[in-house]
Amino acid sequence: MTTEEIRVRGTVQGVGFRPTVYRLAKACGLHGDVCNDGEGVLIRVSGNQEALTEFVARLQTECPPLAKINKLTRTSYEGELKFDNFVISTSVSNVINTEITPDAATCPQCQKEIFDPFSRFYRYPFTNCTHCGPRLSIIRAIPYDRCNTSMSAFAICSECAKEYHDVENRRFHAQPVACHVCGPSAWLERADGKSVTASMFSMLDDVDAVCTLLQKGEIVAIKGLSGIHLACDATQETVVQKLRQRKKRYHKPFALMARDIEIIEQYCTVNAKEKELLTSSAAPIVLLQAIGKKIVAPSIASGQNTLGFMLPYTPLHHLILRRMNRPIVLTSGNLADEPQCIDNDEAREKLGTIADYFLFHNREIINRVDDSVVRVIGDKVQTIRRARGYAPASISLPPGFHDVPQILAMGSELKNTFCLLHEGKAIISQHLGDLENAAAFNAYQETLNLYLNLFEHQPEIIAIDKHPEYLSSKLGKELADTNKIPIHQIQHHHAHIAACMAENGIPLDSLPVLGIALDGLGYGDDSTLWGGEFLLADYRKFQRLATFKPVAMIGGEQAIYQPWRNTYAQLIAANLWNDCQEHYPDLEIVKFLNKKPLKLLNQLIEKKINSPPASSVGRLFDAVAAAIGICPEECSYEGQAAIALEAIVDVSSLNNDKEAAIYPFSFSFSDSIYCIDSRPMWQALLYDLQQQIPQAVIAAKFHKGLANAIVEMVKYLCQENLINQVALTGGVFQNCILLQQVTKRLEILGIKVLTHSLVPANDGGLSLGQAVIAAAQLIHES
């Protein structure tokens with residue numbers, strides 16, 4: 001007889017792991033117990049060696065759907081086990097070293113029950129089990145037991161208790177288990193305060209009434225799993241426009257939800273990988289090609305050829321959409337740029353002038369978690385926003401990072417996340433938004449404090465971005481000063497590249513890669529703004545080998561939201577404005593620019609007043625978009641013009657390999673760095689505008705020309721530096737066409753290409769890069 005202690009670490013709490021252990025131990029004829037504790041799951045088990053071997057093997061192959069074993073350790077147990085059977089013991093509180101499971105979409109069994117009139121869960125909007133339901137959104141502390149969640153407010157009834165304690169039931173130890181008798185309830189309110197009942201609509205209940213309200217063209221605020229959303233019929237342009245005006249979100253695309261895949265396929269093409277994502281337990285928003293039999297309201301995603309669809313991921317949403325044969329808008333319940341509302345009273349106050357009705361419930365949302373956004377490029381998933389369904393699942397770090405101390409990385413200013421690094425894994429927060437907004441910054445601090453407490457994380461190092469004005473960097477410095485913790489300032493684009501390396505499993509001591517980081521902007525080592533960088537980088541250091549020619553951002557931040565400023569700056573930098581006046585005076589963009597205060601703009605550039613030079617490829621996209629007539633005056637969100645430019649690309653032109661079908665760029669070398677100059681591209685583009693070449697063809701020629709310039713530069717640099725591995729990162733590489741064009745050309749040359757999948761290429765992945773760089777530098781110093 002052999003007795004062992006088996007320690008299991010990973011996502012193993014709140015996912016039915018202990019019942020699985022119990023079932024397998026009984027099947028293998030073993031005695032002992034299993035319990036949750038701060039490190040994960042602890043198993044003490046006794047039996048013959050053959051049975052123990054079978055037990056451990058089956059534990060890994062028959063893992064529950066939401067569970068993830070990161071590490072399983074077997075040691076001999078010297079104590080005495082006084083068990084004549086196998087039991088599940090009470091949870092133990094000790095040092096926290098386990099993981100929190102992401103919220104999970106309703107499983108097929110629970111879906112079946114809520115529509116089964118003979119089930120006690122019939123039409124119950126909060127039905128869940130160990131395979132699905134709330135996790136991160138309701139947790140206050142670890143271990144994940146009911147008393148540490150917002151479900152502690154609801155005393156469990158006898159029927160639910162019976163299932164909760166039945167090891168053969170899938171609700172065994174499902175902490176949020178509840179029913180009509182004992183659990184949370186939902187109700188409908190009018191925004192104007194007048195009374196409302198479901199009987200007004202002859203519906204089954206208040207949840208069912210929401211469907212009728214949406215069909216009638218009303219805007220309803222719906223409190224869901226991890227936040228409050230605003231919903232309306234996505235096919236009624238009048239109500240969609242009303243929602244945009246009330247919410248002050250004038251152009252940014254709205255997310256959509258549809259009852260099932262069949263409805264989505266009426267509006268978009270859906271391949272096998274996309275279907276797999278839509279129906280997964282994460283249930284993210286998936287960006288899909290909008291080519292279908294039907295169209296949604298035009299202003300849902302103006303200027304884009306994709307739609308962001310998700311499927312219902314809670315019983316509440318399934319019940320609302322049961323009778324809805326068309327998609328609905330389901331967008332964050334907030335004013336533009338503010339955090340999503342999660343509290344009933346807060347929603348009444350902030351959304352009362354937006355929504356016509358509220359569907360509330362009385363289960364408290366502890367943690368605000370936005371919907372995740374992904375897309376499929378080729379056969380690979382690209383994460384654009386990592387939140388519900390994915391966060392805070394850990395990411396295993398590459399070899400070499402397993403013995404680093406606890407590190408906190410603060411992230412960036414836009415699309416912020418933070419990262420906790422410990423024992424070879426990275427825990428990245430859910431997407432926290434743009435910290436320029438005061439409410440978002442407050443929410444960022446609250447979430448950071450929550451994570452530090454949940455995981456009992458006591459950082460020995462804090463990593464921040466080098467930009468002196470980022471609020472996340474300022475907060476990081478305050479925390480470091482207060483707690484006397486060393487601080488590491490990490491260059492923005494180095495962090496982008498390191499994040500890409502880390503998620504691709506590049507070991508700590510690997511040779512440097514050539515990282516290409518293209519984005520809006522980041523603070524460079526020379527105190528200028530970078531955004532089009534070719535860096536020879538490992539985790540510890542980098543060398544800047546090449547860049548795009550810096551061009552003034554006239555008006556500073558205004559250039560992000562007024563694309564014409566970038567067009568004029570590019571033409572001035574290329575010394576082409578006089579040519580425009582002489583040879584192209586009738587072009588719309590030239591006439592448009594001539595109406596601007598050019599004398600003043602020239603003075604700003606010459607005297608370097610609020611017009612910092614930036615090597616930003618993001619701003620180059622904006623400049624080209626404005627030049628061909630895509631929202632030249634103003635954008636309501638960063639990247640709007642660039643996204644619209646990608647959307648109009650003529651696909652057939654991408655397959656034209658003739659030299660004339662590719663805009664040229666030139667290359668120079670000075671001050672020990674290569675530079676890509678867009679002057680030849682502008683000369684060719686202006687000529688095409690004069691020849692009235694279609695926008696879509698010009699857009700294709702620009703994308704191909706830019707991809708070609710990037711690849712030519714890579715060829716030079718790889719030959720000079722003996723590199724055969726390239727990392728593509730930064731928000732610009734969320735452009736599907738550019739990413740595919742560059743990847744395809746590099747792979748033809750036999751160069752290995754690293755791209756993002758687990759974390760966003762944009763600033764949402766930056767905190768991971770900051771954390772691993774700080775860890776690598778610490779290891780090097782020691």
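Modeller: Axes are lines fitted to C-alpha atoms, for helices over the stretch in contact, with angles running from 0 to 180 degrees between N-to-C directions. This is a predicted model, in which local features need pLDDT of at least 70 and side-chain atom pairs pLDDT 80 or more, while totals for chains, interfaces and linings use all residues. Residues are numbered from 1 along each chain as its sequence is written, and side-chain values use heavy atoms, leaving out hydrogens and water.

Biologist: Why are α11 and α12 called oblique to each other?

Modeller: The axes of helix α11 (residues 438-454) and helix α12 (residues 471-483), both DSSP runs of H or I with at least four residues, come within 11 Å and cross at roughly 40 degrees. Angles under 35 degrees count as roughly parallel, over 145 as roughly antiparallel and 65 to 115 as roughly perpendicular, the rest being oblique, and α11 and α12 are therefore oblique.

Biologist: Which residues make the contact between α11 and α12?

Modeller: With contact meaning heavy atoms within 4.5 Å, Phe441, Tyr444, Gln445 and Leu448 of α11 meet Leu471, Ser472, Leu475 and Leu479 of α12.

Biologist: Is tyrosine 674 buried or exposed?

Modeller: Buried means under 20% relative accessible area, exposed over 50% and partly exposed in between (1.4 Å probe, protein chains only), so tyrosine 674, at 15%, counts as buried, whereas tyrosine 716, at 37%, is partly exposed.

Definitions and conventions: Helix = DSSP H or I, 4+ residues; strand = E, 2+ residues; numbered from the N terminus.
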